[in-house]
Amino acid sequence: MSYEANRKSTLYVSSGLSRNAVILRLEGELDVNAVPLLREHLELVWELPPPPFLILDLAELQFCDSMGMNELVGVMQRCEARGTRLLLGGVQGVMARVLSITGLRHAFEVFAQFDDALRLAVAAP
């Protein structure tokens, strides 16, 4: 087996709160090895009363495989079921390309800059 097949991915997740939103910042690689870490952080979000917005800041995400994309689709579905709007902020480079290639670009509310997503959430009544 190659080194690539054996290596562990590196994903860092940090969280914060805004007036109307829970914010998760993802940095590194969202792949099959990192999905459990993201799920751990999301479980804390799902335990809260549904916020109006969940913002995923993807500006520092350097890689996303099919399992990572599958997880993002699952997050979108869970948000829809809870009445929470999912915003993807900082979508540029790799993530913009992955969303475009997979045809999922228009399935999500996507913002090239994180601040634009945050402004929308803060301005909402």
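**Questions on a predicted model**

Me: Which residues does Gln62 touch, not counting residues up to four places away in sequence?
Reply: This is a predicted model, and Gln62 is found in strand 3. Gln62 is exposed, with a relative accessible area of 53%. Leaving aside residues up to four places away in sequence, its contacts are Gly28 and Val94.

Me: How far apart are the C-alpha atoms of Gln62 and Leu24?
Reply: Gln62 belongs to strand 3, which covers residues 53-64. Leu24 is 38 residues from Gln62 along the chain. The separation of their C-alpha atoms is 16 Å.

Me: In what order do helices and strands follow one another along the sequence?
Reply: The chain has five helices and five strands. Read along the sequence, they follow the pattern α-β-β-α-β-α-β-α-β-α.

Me: What is the radius of gyration of the chain, and how does it compare with the globule rule?
Reply: The C-alpha trace spans about 55 × 30 × 20 Å along its principal axes. For 125 residues the globule rule gives 14 Å, and the chain is close to that, so it is as compact as a globular protein of that length. The radius of gyration is 14 Å.

Me: Among contacts between residues at least 6 apart in sequence, what percentage join residues at least 24 apart?
Reply: Buried residues make up 45% of the 125 residues in the chain. Of the contacts between residues at least 6 apart in sequence, the part that joins residues at least 24 apart is 69%.

Me: Which residues of helix 2 are buried?
Reply: Helix 2 runs over residues 35-47 and reaches 18 Å from its first C-alpha to its last, close to the 18 Å expected. The cover over its buried residues includes strand 1, strand 2, strand 3 and helix 3. The buried residues are Val35, Leu38, Leu42, Val45 and Trp46.

Me: What distance separates the end C-alpha atoms of helix 3?
Reply: Among the buried residues of helix 3 are Gly68, Met69 and Cys79. Their cover includes strand 2, helix 2, strand 3, strand 4 and helix 4. At 1.5 Å a residue, the 17 residues of helix 3 should span 24 Å, and the end C-alpha atoms agree with this at 24 Å.

Me: Why is Cys79 too far from the closest cysteine sulfur for a bond?
Reply: The structure holds zero disulfides. A disulfide needs two cysteine sulfur atoms within 2.5 Å. Cys79 is buried, with a relative accessible area of 1%, and Cys64 also counts as buried, at 7% relative accessibility. The sulfur of Cys79 is too far for a bond because the closest cysteine sulfur, in Cys64, lies at 16 Å.

Me: Is Ala117 buried or exposed?
Reply: Ala117 has its place in helix 5, residues 114-123. Not counting residues up to four places away in sequence, it touches Ile55, Leu87, Gly89 and Phe111. Its C-alpha atom is 8.4 Å from that of Gly90, 27 residues apart along the chain. At 0% relative accessibility, Ala117 counts as buried.

Me: The charged end of Arg25 sits over the ring of which residue?
Reply: A search of the whole structure finds zero aromatic pairs. The charged end of Arg25 does sit over a ring, 4.6 Å from its centre. That ring belongs to Phe114.

Terms used. Residues are numbered from 1 along each chain as its sequence is written. This is a predicted model: local features need pLDDT of at least 70, side-chain atom pairs count only at pLDDT 80 or more; totals for chains, interfaces and linings use all residues. Side-chain values use heavy atoms; hydrogens and water are left out. Rings of Phe, Tyr and Trp (its six-membered ring) pair if their centres lie within 6.5 Å; planes under 30 degrees apart count as stacked, over 60 as edge-to-face and the rest as tilted. A charge sits over a ring if NZ of Lys or CZ of Arg is within 6 Å of the ring centre and within 35 degrees of the ring normal. Buried means under 20% relative accessible area, exposed over 50%, partly exposed in between (1.4 Å probe, protein chains only). Helices (H or I, at least four residues) and strands (E, at least two) are DSSP runs, numbered from the N terminus. The expected span of a helix is 1.5 Å times one less than its number of residues. Contact means heavy atoms within 4.5 Å. The radius of gyration is taken over C-alpha atoms; the globule rule is 2.2 Å times the number of residues to the power 0.38.
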